[in-house]
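I opened my notebook to go through one model, a feature at a time. Here is what I looked up, in the order I looked.

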Amino acid sequence: MSAVRIGWDIGGAHVKAARVVDGQVSGVVQVACPLWQGLDKLDAAVAEVLSMLGEAPHHAITMTGEMTDLFASRADGVAGIAQRMRARLRGDIALYAGRAGWAADDGAHARADDIASANWLATAAWIATRLPQALLADIGSTTSDLIVIDGGVTTASRTDADRLISGELVYAGVVRTPLMALAPAIEFRGRQHRLMAEYFATSADVWRLLGELPDHADQYPAADGGAKTPEACARRLARMIGRDLDEGSMDDWRALATAFANAQLGTLVDACRGLPGMRTLAADAPVVCAGAGRFVAA
């Protein structure tokens, strides 16, 4: 077998890939892929990745992109993505099917329940080979995965629906989350403001204004299509509470960003408290911080 392979994660908003040579990662890339706009966006993203990482004879694939509303069902999405990747890649392809192991691309539709959105389990299972106990906190651009490791991956969850119930999947990330999803109201200058239920600002504005967000993590336009300067971020935050930029100082708007950040962190902490297996973790069990928002996990 060749010692060169590429691992792919096909998401609904990004494609991530890692080139592995002789067991060592030699390159990692992430490119924007607005899959909901069409499979041609996946074609373009794959081509961009290959231009940076090069071809490889073997490919291993996880996915969450089957959840986008481009597809009528998750099974159709799994099959559609697998077929498109088969057409774009040279060499053999293996699809990660969670606890069921690996599947060939021509069996994607039949194995869709195992393949769909199983990337969290791939990460957690790998960590379980390295640590006897841990809490995995993988904070991405759009979602957060919170998984307990205790002599293996302890959860019985299989689907996104299962994990939404258990708290292991929280739809909040550090880039794409609309701020109205983080809290029904927020404090500004000592008074609670109910939020406007409009797509005026995202979590990227919060974390960028606080100086935490890596530049490379935000690959999509701002909510208003405008600039990503501190002032532009503050203007978008102000709009969430019915105000204009000139109604406060930059310190005021950073305080508002901190309130949104605390709301997001509070949601994650609350979810962690009820995770399957959480109560059996030792007090000194490590937190494994991953994803674009690993600074939030830390």
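**Ground rules.** I am working with a predicted model, in which local features need pLDDT of at least 70 and side-chain atom pairs count only at pLDDT 80 or more, while totals for chains, interfaces and linings use all residues. I number residues from 1 along each chain as its sequence is written, and side-chain values use heavy atoms, with hydrogens and water left out.

**Entry 1, H7 against H8.** I began with helix H7 (residues 230-240) and helix H8 (residues 250-273). Helices (H or I, at least four residues) and strands (E, at least two) are DSSP runs, numbered from the N terminus. How are two packed helices described? One gives the angle between their axes and the distance between the axes. For H7 and H8 I noted an angle of about 65 degrees and axes 10 Å apart. The axes are lines fitted to C-alpha atoms, for helices over the stretch in contact, and angles run from 0 to 180 degrees between N-to-C directions.

H7 passes H8 in a left-handed crossing. A crossing is left-handed if the near helix is turned anticlockwise from the far one by less than a right angle, and right-handed if clockwise.

Next I listed who meets whom, with contact meaning heavy atoms within 4.5 Å. From H7 come Pro230, Glu231, Ala234, Leu237, Ala238 and Met240, and from H8 come Met250, Trp253, Leu256, Ala257 and Phe260. The contact of H7 with H8 holds ten nonpolar residues, no polar ones and one charged. In this count Ala, Val, Leu, Ile, Met, Phe, Trp, Tyr, Cys and Pro are nonpolar, Asp, Glu, Lys and Arg are charged, and the others, Gly among them, are polar.

Buried means under 20% relative accessible area, exposed over 50%, and partly exposed in between (1.4 Å probe, protein chains only). The buried residues of H7 are Ala232, Cys233, Ala234, Arg236, Leu237, Ala238 and Met240. Their cover includes strand E11 (191-194), helix H6 (203-209) and H8. After H7 comes Gly242, with a positive phi near 75 degrees.

Helix H1 (residues 39-53) packs on helix H2 (residues 74-88) at about 40 degrees, with the axes 10 Å apart. That angle makes H1 oblique to H2; angles under 35 degrees count as roughly parallel, over 145 as roughly antiparallel, 65 to 115 as roughly perpendicular and the rest as oblique. H1 passes H2 in a right-handed crossing. I found Leu39, Asp40, Leu42, Asp43, Val46 and Leu50 of H1 meeting Ile81, Arg84, Met85 and Arg88 of H2. By class, that contact has six nonpolar, no polar and four charged residues.

How many disulfides does a search of the whole structure find? It finds zero, a disulfide being a pair of cysteine sulfur atoms within 2.5 Å. For Cys289, the nearest cysteine sulfur is that of Cys272, 11 Å away. Cys289 is partly exposed at 30% relative accessible area, and Cys233 is buried at 0%.

I noted Asp22, with phi near 50 degrees, in the loop between strand E2 (14-21) and strand E3 (24-32). Asp22 is exposed, with a relative accessible area of 59%. I also noted Arg189, with phi near 55 degrees, in the loop between strand E10 (185-188) and E11.

Leaving aside neighbours within four places in sequence, Thr62 is in contact with Trp8, Asp9, Ile10, Tyr96, Asn119 and Ala122.

Ala185 lies in strand E10 and is partly exposed, at 22%. Ala185 and Leu195 are ten residues apart in sequence, and their C-alpha atoms are 5.3 Å apart. Beyond four places in sequence, Ala185 is in contact with Gln192, His193, Arg194 and Leu195.

Ala292 sits in the loop between strand E12 (287-290) and helix H9 (294-297), partly exposed at 23%. Its contacts, not counting residues up to four places away in sequence, are Ile139, Gly140, Val174, Pro214 and Ala217.
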